[in-house]
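Please view the sequence and the structure first.

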Amino acid sequence: MILSLIPVIAIDGPSASGKGTVAALVAEQLKFHYLDSGAIYRVAALAALRTGISLEDESALSRMAGKLDVSFKNGEIWLAGECVSMDARSEATGNAASKIAALPKLRLALLDFQRSFLGHPGLVADGRDMGSVVFPDATVKIFLTASAEIRADRRYKQLIEKGIHANLSRILQDLQQRDARDRERSVAPLQKCADASLLDTDSLTITDAVNEVIGRYQALRA
Ligand code: C5P
């Protein structure tokens, strides 16, 4: 494996696998920068929905994505100076994000912006193609997953805890549809790349998963 000068921990995996929570905690513990690439796709989808750009208009979407004014501060997501975390995190936005994420020109338009998160002393990046496309020379590549039933159950509990009405079988169905769309697209499909190591979190706590990622990173840096 090629070691980049600035260490990168790439964590890819399906929706609701817990990779976002794990990646953010790993970044915090190592004092690394953190890239939540899914949030960028979500904000691009939100901007399209708000401005009425069709989710199929690849040229208009990629032009918009090239000028997307998205930033992250104190765990919140900002679009053109407005805090949009709630809207960006909704299931509707997630579904729209997975539709536009299948468009090659849009993915290309977001590439440099994602790479601009790389900085000393290191970066933890989570998404679907962090190890395969965005940071192919990442120090360590993890494919973090869990069964669809466990992921649906985790998402259901999160929503209920926030006081948001949720339906478990609907969540499971949506997750399976989103997984299928992410896996079957022709560009940067969701898949474990050959040099990524699998981390199945079905029977792991968040702390176990964080320790496992840090352990694998340290073993490769040693
Ligand atoms: O990870 P999250 O659920 O926030 O991502 C939303 C959607 O954005 C995913 O379903 C996926 O289609 C897309 N995505 C992607 N590549 C990434 C990150 C997210 O295609 N690196």
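## Helix 2 and helix 5

The axes of helix 2 and helix 5 (residues 91-100) come within 8 Å and cross at roughly 100 degrees. Helices here are DSSP runs (H or I, at least four residues), numbered from the N terminus; axes are lines fitted to C-alpha atoms over the stretch in contact, and angles run from 0 to 180 degrees between N-to-C directions. Helix 2 and helix 5 are therefore roughly perpendicular to each other (angles under 35 degrees count as roughly parallel, over 145 as roughly antiparallel, 65 to 115 as roughly perpendicular and the rest as oblique).

Contact means heavy atoms within 4.5 Å. On the helix 2 side, the contact is made by Y41, R42, A44, A45, L46 and L49, and on the helix 5 side by T93, G94, A96, A97 and I100. These residues divide into eight nonpolar, two polar and one charged (Ala, Val, Leu, Ile, Met, Phe, Trp, Tyr, Cys and Pro count as nonpolar, Asp, Glu, Lys and Arg as charged, and the others, Gly among them, as polar).

The model is predicted: local features need pLDDT of at least 70, side-chain atom pairs count only at pLDDT 80 or more, and totals for chains, interfaces and linings use all residues. Residues are numbered from 1 along each chain as its sequence is written, and side-chain values use heavy atoms, with hydrogens and water left out.

## Helix 2 and helix 6

Helix 2 (residues 37-51) also packs with helix 6 (residues 104-115): their axes come within 11 Å and cross at roughly 130 degrees. That makes helix 2 oblique to helix 6.

S37, I40 and Y41 of helix 2 meet L106, R107, L110, F113 and Q114 of helix 6. By class, this contact has five nonpolar, two polar and one charged residue.

## Helix 8 and helix 9

Helix 8 (residues 148-161) and helix 9 (residues 168-184) have axes 9 Å apart and pack at about 125 degrees. That makes helix 8 oblique to helix 9.

## Around the ligand

Which residues are closest to the ligand? They are R42, R107, D129, D182 and R185, out of 16 residues that surround the ligand (a residue is near a molecule if one of its heavy atoms lies within 4 Å of it).

A polar side-chain atom of R185 lies 2.9 Å from an oxygen atom of the ligand. For S37, a polar side-chain atom is 3.0 Å from a ligand nitrogen atom. An N or O atom in the side chain of R178 is 3.4 Å from an oxygen atom of the ligand.

Terms used
Helices (H or I, at least four residues) and strands (E, at least two) are DSSP runs, numbered from the N terminus. A polar contact is a pair of N or O atoms within 3.5 Å; within protein, one must be able to donate a hydrogen and the other to accept it, and residues adjacent in sequence count only if both atoms are side-chain atoms.
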